Amino acid sequence: MKVKVFNLFYVGLLFFMSCGKDAPDDITVPSSPPTPQNYILNFSSGAGGSVSSSGGSYSSGSSVNVTATPDSEYVFVNWSNGSTQNPLTINVSTNLSLVANFEKKKYPLTVVISGSGTVNEEIVSSGKTTTEYVSGSGIQLTATPSSGWGFSGWTGTVSSTENPIVLTIDESKSITANFFEYPSPVSSVLLTPLNNEVCYDGQEVSDLLSRVDFEWESAENTDTYDLVITNLSTSQTITETGISSLSKRVDLTKDFSYRWKVISRSNSSPITTSSSIWQFYLPGNGQQNQVPYPATIISPRSGATLTGVQNISLVWEGNDPDQGDELFYTIFIDSIDGLQPQTNSLLIDISETTVNVDVVSGSTYYWRVKTSDGLSSSYTQVFSFRVD
C-alpha cells in the first residue's frame, strides 16, 4: 500500500512538470536511511586477572560494559587509559583497545621488640614497598640480642624459638622478638688474707718472696673470677684471670703492703662486679717497722663537682700495719697536678683526718695525702674535684 502512495506522488510530480509548471519549492524528496558505523573494541588483561569480554564490533553510540576480575592475592589497579572504574562503561565512538592492570596484594609486617636487641628483615623472595610486603614474599627475620641479653623466641603470628625464622607474607602479620637479660654476677665476699692484717704469715719461698693464699666465697651468677693485687708502694699490679676455683696462690715480694680484690665475671653478661678492697702487710725477714697503708680517701670523691661553695672539707682515713704507731698526714692540693711541694704549714704533719680548705668557683683541684709513722711514708694516688 505504501508503495502505491509513493508511486502516485511521483506521477503527480511528473504531471506538473509535463504541463510546463515548476514543482513547488516546499516539496522534500525522501532519501534512504544512513547505514550505522561500527567500531572495534579490544579488551585484555595483564598478569594477575581477567576481563569479562575480549571485545568485538560495536555500532557507534552503543554502550558496552566490561569487568576486570583479579586472581587470588591480586587487586585491580586501573585500565590502560587511566580509568579506575570497574566495571567500566564505554560509549562507543571510536576504535579502542584497553588493558586491565593488576598487582599483588600488599600486607604490613609489624615487628615488636620486647627487651633489648634488634631484628633484621631480609627479603628472600618477592619484594617490599615503603611499609608493606608484596603478597607471597618470603621474609627472613634474624634476632640479635644486645650485650648482656639473650633471645628467648618469637610470639604473635608465629610462636617459635628458631632463629632466624622465615615468614611467608599472605596476610597482615605481627610478630614479637622476645629478649631476656642475663643476671649480673654478684660481688664475692673476701676471706683471707684478712683486711688490715699485720704481718700476714705467708709461706716462705725465698729471702725475697712469700707465698700467699687468697680465698673468697662463691658468688651467684659467676663463672670465673679475676684476682687483682696491687703493691701499695710501687703501684705494681698483678692480675690473675679466668679463675674457676675460690682460691689462688700467688708469690709476692716481702716487706710490702698490698691491696687485693676479686672481680666476678659471667660468660653470659659483659657486666662485672668487684668485691670490696682489702689490704694486708707481708713482712720481710726481721722487719721491725712496716710502711703505713696509704690513706683511704672519703670525701670529696674523685671526679666530684661541688656547686656554690667557697670552703670544703677534705676527709680521709689512715691505717698502719704496726698497731700503736701514731700517724701524721700531709695534704697536697693545687690546681695543677696535686704533686707540687706543700708550703701551707696548716696542711703539713697533721694528726687529724679532716681539714678545711678554701676553694674558688670555676676551678679544678687535684689532691693527695701523704701518711707517715715517723719512719716510713706512703702516698695515695692523685684525686680531683671541680668547683662550679
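**A walk around strand β20**

Let's begin with a pair of facing residues: Leu-227 stands opposite Val-262 in β23. Strands here are DSSP runs of E, at least two residues long, numbered from the N terminus. The model is predicted, so local features need pLDDT of at least 70 and side-chain atom pairs count only at pLDDT 80 or more, while totals for chains, interfaces and linings use all residues. Residues are numbered from 1 along each chain as its sequence is written, and side-chain values use heavy atoms, leaving out hydrogens and water.

β20 and β23 run antiparallel and are joined by 8 bridges; strands count as paired if DSSP finds at least two bridges between them. β20 also pairs with β21 (residues 237–243), again in the antiparallel sense, over 5 bridges. There, Ile-229 has Ile-238 as its bridge partner. The hairpin of β20 and β21 has 5 residues between the strands, and Ser-235 takes a positive phi near 65° in it. Because 6 of its 8 residues are buried, β20 is largely enclosed by the rest of the structure; buried means under 20% relative accessible area with a 1.4 Å probe, protein chains only.

Now to the largest nonpolar core, which has 21 residues. Such a core is a set of buried Ala, Val, Leu, Ile, Met, Phe, Trp, Tyr and Cys residues joined through side-chain atoms within 4.5 Å. Leu-227 and Ile-229 are among the residues that touch the most other members, as are Phe-214 and Trp-260. β25 (278–282) gives the largest share, 4 residues.

Phe-214 touches residues including Leu-227, Ile-229, Trp-260 and Phe-280, where contact means heavy atoms within 4.5 Å.

Terms used:
Buried < 20%, exposed > 50% of the residue type's maximum accessible area, 1.4 Å probe, protein only. Lists of a residue's contacts leave out its neighbours within four places in sequence.
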